[in-house]
Structure formats: structure tokens, C-alpha cells
Amino acid sequence: MANKSTSKKTLAIVYTGISAALIAVCSWITIPMTVPFTLQTLAICLAAGLFGAKIGTSATLIYILLGAIGVPVFSGFKGGAGVLLGSTGGYIIGFVFTALIVGLASDKFKGKLLPMIISMVVGVLVCYVFGTAWFAVVYAKTNEPESLATILGWCVIPFIIPDAVKIVVAALLSSRLKGVINKA
């Protein structure tokens, strides 16, 4: 019995490390569109969808901690506490809640497609709320405050379609692969 328990713990550590690395790599991949976007949310939703709340959230926290101490894991190969305190820091913090929401749904619904899609939509919306609120506060410190509509036009609306595509891809992958992962 001890070997099986040790094996499960080892797999959890490996999955957490691989997921944190995947999030970092996906943050470096920038898709140039009218407003460039990264694949961070895809990786976070995929990790939490595949491995559940504990591993998905732990991997996201490790990714953020690595970035906070200066490892260049954030978008644009950036790192350091300044990124977290900057205008996009709220989105990065919001990733934790995205991973938690998606992971809890994955644990509860065993990777079923519709609950995965719904949880990923909710998770990304929560991330938008954290990020947009933080952006508004940081922006207002050095500029004239802007209306909510203007800030949403900068921070949310351009990302809705790319995030919807990432959600569909992450939900399909995690739903299909969760059974394979659980057999390991």
C-alpha cells in the first residue's frame, strides 16, 4: 500500500511541475492580433481541468511565485514583483481563482464537457473581474480615471473571442484526456 501512496504523491508532484511549466511556456507564446494575447488561460484551464483543484491551483501558485521572485515566466519573458503590482497583476492573481473554479468543477464532474466549459467561462470571468478592477486602480494612479466602458474596451472585450476559443480547446482536451490521466 505504501508504494501505491508514494506513487500517487510522486505523480501529483510531477503533474504540478509539468503544469506550472506549461503555464510559463504558454505565457511566452503571443498570438499577434489587433490586441496580442497569450495562451496562459488555456494552460491554466487545461491543467485544472485535467488534474483538478489541488494540482491545478498549486501549479498556478507556483507559476506566480516563480514570477514574483524574478524568474521570467510572465508574458514577454518578464518576472518580478513589479509585474504583479503593475497594470496586469490583477489578471495574474485572478488565474488562481480560475484554476480553483475549473479544478473544483473537474473534481466534482469528472471532466464532463459541459461542466468543464461552464466552469472555464466562470473562471475566466472571475479573472476578468480581478484584472479589470486592478487595472482601473493602477491606471487611475497615474492617469485621469476612465469609465468602466472604456476600461472594458481595453481589457476585456478584445479578449472575449480568443478566450472563448481557448476555453473550447482546453475543455475538449481536458474532457478527453482526464480519463487517460486518471488511469495512470
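Modeller: Happy to! The largest pocket has a volume of about 670 Å³. A pocket here is an open set of points on a 1 Å grid over the protein atoms alone, where a 1.4 Å probe fits, with protein on both sides within 12 Å along at least five of seven lines; lining residues have an atom within 4 Å of a point. Grid points are joined across faces, edges and corners, and the volume is the space filled by probe spheres set on the points. Thr38, Gln40, Thr88, Tyr91 and Phe159 are the closest to the centre of this pocket, out of 25 lining residues. Two or more lining residues come from each of strand E2 (37–38), helix H2 (40–68), H4, helix H5 (113–142), helix H6 (148–155) and helix H7 (160–183). H5 gives the largest share, four residues. Helices (H or I, at least four residues) and strands (E, at least two) are DSSP runs numbered from the N terminus. By class, the lining has 14 nonpolar, eight polar and three charged residues. Nonpolar covers Ala, Val, Leu, Ile, Met, Phe, Trp, Tyr, Cys and Pro, charged covers Asp, Glu, Lys and Arg, and the others, Gly among them, are polar.

This is a predicted model, in which local features need pLDDT of at least 70 and side-chain atom pairs count only at pLDDT 80 or more, while totals for chains, interfaces and linings use all residues. Residues are numbered from 1 along each chain as its sequence is written, and side-chain values use heavy atoms, with hydrogens and water left out.

The second largest pocket has a volume of about 490 Å³. Among its 19 lining residues, Ala12, Tyr15, Phe51, Ile55 and Asn182 lie nearest the centre. H1, H2, H4 and H7 each supply at least two residues of that lining, which divides into 10 nonpolar, four polar and five charged.

Now for a residue of H1 (residues 2–28), Ser27. Ser27 is buried, with a relative accessible area of 0%; buried means under 20%, exposed over 50% and partly exposed in between, using a 1.4 Å probe and protein chains only. Leaving aside neighbours within four places in sequence, Ser27 is in contact (heavy atoms within 4.5 Å) with residues including Thr38 and Gln40. The side chain of Ser27 also reaches the backbone oxygen of Val73 at 2.3 Å.

Finally, Phe97 sits in helix H4 (residues 89–109) and is partly exposed, at 32% relative accessible area. Thr98, also placed in H4, is buried at 2%.

Technical notes
Polar contact = N/O pair within 3.5 Å; in protein donor to acceptor, adjacent residues only side chain to side chain.
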